[in-house]
Amino acid sequence: MSVSEYPLDLAAWIERIRGREMPVFGRTVESLRTLIADDRASASALAKVILMDPPMTTKVLRLANSAFFNHAHQGISTVSRAIVVLGFDPVVELALSVALIDALLNQGIRGRLHAEMARSFHAAVQARWISRKRGEGAGEEIFIAALLGRVGEMAFWCFGGEQAHRLDRCLSETDVREEEAQQRVLGFPLRQLSYGLIKEWRLGALAAAAMEMDPRGRGPGRSILLAHRLARLADGGWDSPGGRQCLHEVADYLDQPLTALRAEIIANAGEAARVAREFGATEAAGLIPQVAPEPEETMIQGTVVPDVRLQMRVLHDLAEMSLARANIADVLQLVVEGLYRAVGCRRVVVALLTEDRQSLVGRVALGADADALAARFVFPTEGEPDDVLDAAIDSGEAALINADRLARPGAERLLRVAACPECGVVPIGTTTRRIGLLYVDCGGKHLDQECWDAVRHFALQASLAVALSATPRP
């Protein structure tokens with residue numbers, strides 16, 4: 001096919017998508033961009049634009065309440081409150097992204113569309129993470145720029161009609177590279193369509209700059225480019241040659257050893273799937289690679305090796321939740337996750353006192369067979385001062401139990417239920433308001449002093465949250 005035989009050129013495709021296929025989205029973009037460019041625009045004006053679209057309102061509020069965007073963990077029930085908590089510009093960007101995803105979902109060649117959408121969400125989460133690791137800030141702006149970076153590819157697979165089917169066949173039936181196939185069928189690569197739509201809709205200077213920059217450059221644009229490459233190569237497996245090379249490139253860019261980053265990078269894929277579902281892109285979420293990280297050596301001579309960096313992040317989040325008077329159930333859930341993922345405990349149970357304070361009952365659990373352990377974790381509080389469980393509640397005494405301490409009163413009833421000769425219990429709460437305790441073990445392995453100190457640190461943070469929740473707000 002000669003160039004003259006292509007049905008539409010690049011400019012015509014931009015005009016078709018902008019004017020005929022997505023005019024409503026274009027008007028939404030114009031309304032939101034007008035607000036963000038106006039220093040005098042009020043929160044009420046932004047709220048009005050969002051509230052005029054009920055589906056958008058619902059999704060913006062759902063995203064505003066998600067842990068990914070709501071770092072303060074404050075409950076948000078109105079658009080006005082979302083603007084106060086998250087900020088004016090982040091809410092604009094959220095609304096813009098919601099409008100785009102809604103305009104594209106469930107149309108066109110769905111397999112190709114959802115694959116592009118999956119990579120875009122994956123890249124957006126990885127880009128924000130890379131940028132934050134480098135201390136660049138503007139995390140939400142980078143997330144949105146990465147999410148919109150392949151808008152042309154998504155729009156084409158949605159509205160490309162016969163040309164999209166031709167390109168689909170070319171990619172499916174030949175071994176040509178993706179960009180070569182696009183050039184052959186369309187006469188231009190789809191990244192040019194993305195760039196054109198980003199400029200046409202004014203989707204952000206950062207998204208356009210990332211497409212123009214040298215791949216070897218630095219700054220937020222490089223984070224976006226690396227994240228998109230990472231998302232694409234992850235489809236072939238983290239341990240494919242390309243995947244390994246890109247992981248090393250990310251580690252080099254962050255100037256940190258890959259061993260310290262690999263698990264986080266892979267965990268980001270799970271975060272991306274959760275974010276995609278929050279946006280309503282359920283099919284795309286299912287396409288984001290959820291390969292579990294390779295089991296890393298977590299025992300050295302029988303001792304658990306904590307992830308100190310992750311501990312610090314979780315403790316920081318716990319401190320913020322405590323100061324914000326977050327729901328205690330949410331605090332305890334994060335404590336359990338921190339002990340499991342960051343400290344390296346193999347089973348964690350939060351046991352709470354019943355209303356009459358006569359029994360301890362397992363409520364929150366994580367780890368191997370932890371739910372079954374929580375169901376069995378029911379102990380009368382008998383008030384025996386030497387009993388490890390009673391002492392935790394009555395005297396606030398933590399107890400590390402091992403082979404040398406199994407004869408301690410109360411240890412035998414704990415062993416009958418937990419079936420683990422090495423474990424620890426730490427009280428939660430204050431002298432005047434003890435609410436329960438934490439149980440931890442390492443699957444029978446030795447729980448060393450460093451890990452035991454970390455367990456008590458997490459319990460202390462939970463106790464601080466309990467204390468603050470009982471004090472009036474300033």
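Student: In β8, which residue is the bridge partner of I428?
Tutor: G436 is the bridge partner of I428 there. Just so you know, this is a predicted model, where local features need pLDDT of at least 70, side-chain atom pairs count only at pLDDT 80 or more, and totals for chains, interfaces and linings use all residues. Residues are numbered from 1 along each chain as its sequence is written, and side-chain values use heavy atoms, with hydrogens and water left out.
Student: How many bridges join β7 to β8?
Tutor: Seven, between β7 (residues 423-429) and β8 (residues 434-441), running antiparallel. Strands here are DSSP runs of E, at least two residues, and helices are runs of H or I, at least four, numbered from the N terminus. Two strands pair if DSSP finds at least two bridges between them.
Student: What's the strand order in the open sheet?
Tutor: β5-β4-β3-β8-β7-β6, six strands with antiparallel pairing. β5 (378-380) and β6 (399-401) stand at the edges with a single partner strand each, so one side of each has no neighbour in the sheet.
Student: And which strands does helix α19 touch?
Tutor: α19 (residues 328-343) packs on the sheet, touching β3, β4, β7 and β8; contact means heavy atoms within 4.5 Å.
Student: New topic: is Q182 buried or exposed?
Tutor: Buried, with a relative accessible area of 5%; the cut-off for buried is under 20%, exposed is over 50%, and partly exposed is in between (1.4 Å probe, protein chains only). Q182 sits in helix α11 (residues 178-186).
Student: What does Q182 contact, leaving aside neighbours within four places in sequence?
Tutor: L167, G187, F188, P189 and L190.

Key. Axes fitted to C-alpha atoms, helices over the stretch in contact; angles between N-to-C directions.
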